[in-house]
Amino acid sequence: MRATVIYGADDVRVVDVADPRVQEPTDAVVRVLRSAICGTDLLHYAAMPPSEEGMRIGHEFIGVVEEIGAGISQLKTGDLVVAPFMYADNTCTFCTEGLHTSCAHGGLWGLDGVDGGQGEAVRVPYAEGTLVKLPVAADSALLPSLLTLSDVFATGHHAAVTAGVGPRTTVTVIGDGAVGLSGVLAAKRLGAERVILMGRHKSRTDLGLEFGATEVIAERGDEGVERLRELTEGQGTHAVLECVGSLTALETAFGVVRDGGTVSRVGVPQYLEGPVGFDVFNRNVTLTGGVAPTRAYIEELMPDVLEGRVEPGRVFDRTIGLDQVPDGYRAMADREALKVLVQP
């Protein structure tokens, strides 16, 4: 079969690899119908050291079950399923507490002999715990929105939930990428009274306004903090969703959060130390967030997608075939595309 392999910075190729097969009784093989390129993938694209073997890549996919192991009883061939961005058994102590990203048997797609999602098919470990069945046809127009449950929409929801977003909450979302826009949509869905989006790419912030942002701040750094303080009578907002991962974004988050408020960071950190000293302590600011256990949220969020109350799939602004994946990476890295949908 054909699959995406990254061999280093700026070096993504679609190559022939071995067809996946059931190796354990708990495995399933899924034929991929839709996958995506993620901002996290771009971190490898920007800085991965050269590798002769390369690394399978991609962690968001929807597909059809083609083969199942002998230990599987809740899935059958022909089922349409979505996979969260990490696989998990859904039975260990951490999974039962809703923290599937710490699963005792779980892991990341593309590592340790497991297929990446940007290919024609994937062997899924712990398939019954990982995969969630979708009650739509394989050609449904809802597939892009359902695919966001794999990562970006569920990650935005995680940011909003851990930040305590609810009715009468004021919220700042830092970042106008797919996760940031998903954070806007999630905050609105949870009843936030006011959602201020900090971003400077108009096509993206326009979508953020349609998703429920009440205001947009294009300024960055100290100017952005000052502008937000002006809009909130000097107080800041109850919750801040930091969806970028840079040190500057974290500093901005602490600058705009209200005393007693919460900063939730879901952008992959690109720093080792942050400004969490006396000022944050003195203002009773909470820092939370982390890797989103998207498997815990899929069933909760799915009805709103199925019934059309939210359309998170609008973050996809380019659709490509599998052979065009290298150009999809380039387009996202050059900010020519917000998020790329892959249709093998």
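**Helix and strand neighbours in a predicted model**

Guide: In this predicted model, helix H8 passes helix H9 in a right-handed crossing.

Visitor: Are H8 and H9 roughly parallel or roughly antiparallel?

Guide: The axes of H8 (residues 221-231) and H9 (residues 247-256) come within 9 Å and cross at roughly 25 degrees. Angles under 35 degrees count as roughly parallel. Therefore the arrangement of H8 relative to H9 is roughly parallel.

Visitor: Which residues make the contact, and how many of the residues are charged?

Guide: From H8, the contact is made by Gly-221, Val-225, Leu-228 and Arg-229, and from H9 by Thr-252, Gly-255 and Val-256. By class, these residues of the H8 and H9 contact divide into 3 nonpolar, 3 polar and, as for charged, 1.

Visitor: Turning to the strands, are the residues of strand S6 that point either way buried or exposed?

Guide: In a regular strand, side chains alternate between the two faces of the sheet. In S6 (residues 80-83), Leu-80 and Val-82 point one way, while Val-81 and Ala-83 point the other way. As for their accessibility, all are buried.

Visitor: Which residue stands opposite Val-82 of S6?

Guide: Strand S5 (residues 61-68) pairs with S6 in the antiparallel sense over 4 bridges. Within S6, Val-82 points the one way together with Leu-80. The residue opposite Val-82 is Ile-62.

Key: Residues are numbered from 1 along each chain as its sequence is written. This is a predicted model: local features need pLDDT of at least 70, side-chain atom pairs count only at pLDDT 80 or more; totals for chains, interfaces and linings use all residues. Side-chain values use heavy atoms; hydrogens and water are left out. Axes are lines fitted to C-alpha atoms, for helices over the stretch in contact, and angles run from 0 to 180 degrees between N-to-C directions. Helices (H or I, at least four residues) and strands (E, at least two) are DSSP runs, numbered from the N terminus. Angles under 35 degrees count as roughly parallel, over 145 as roughly antiparallel, 65 to 115 as roughly perpendicular and the rest as oblique. A crossing is left-handed if the near helix is turned anticlockwise from the far one by less than a right angle, and right-handed if clockwise. Contact means heavy atoms within 4.5 Å. Ala, Val, Leu, Ile, Met, Phe, Trp, Tyr, Cys and Pro count as nonpolar, Asp, Glu, Lys and Arg as charged, and the others, Gly among them, as polar. Buried means under 20% relative accessible area, exposed over 50%, partly exposed in between (1.4 Å probe, protein chains only). Two strands pair if DSSP finds at least two bridges between them.
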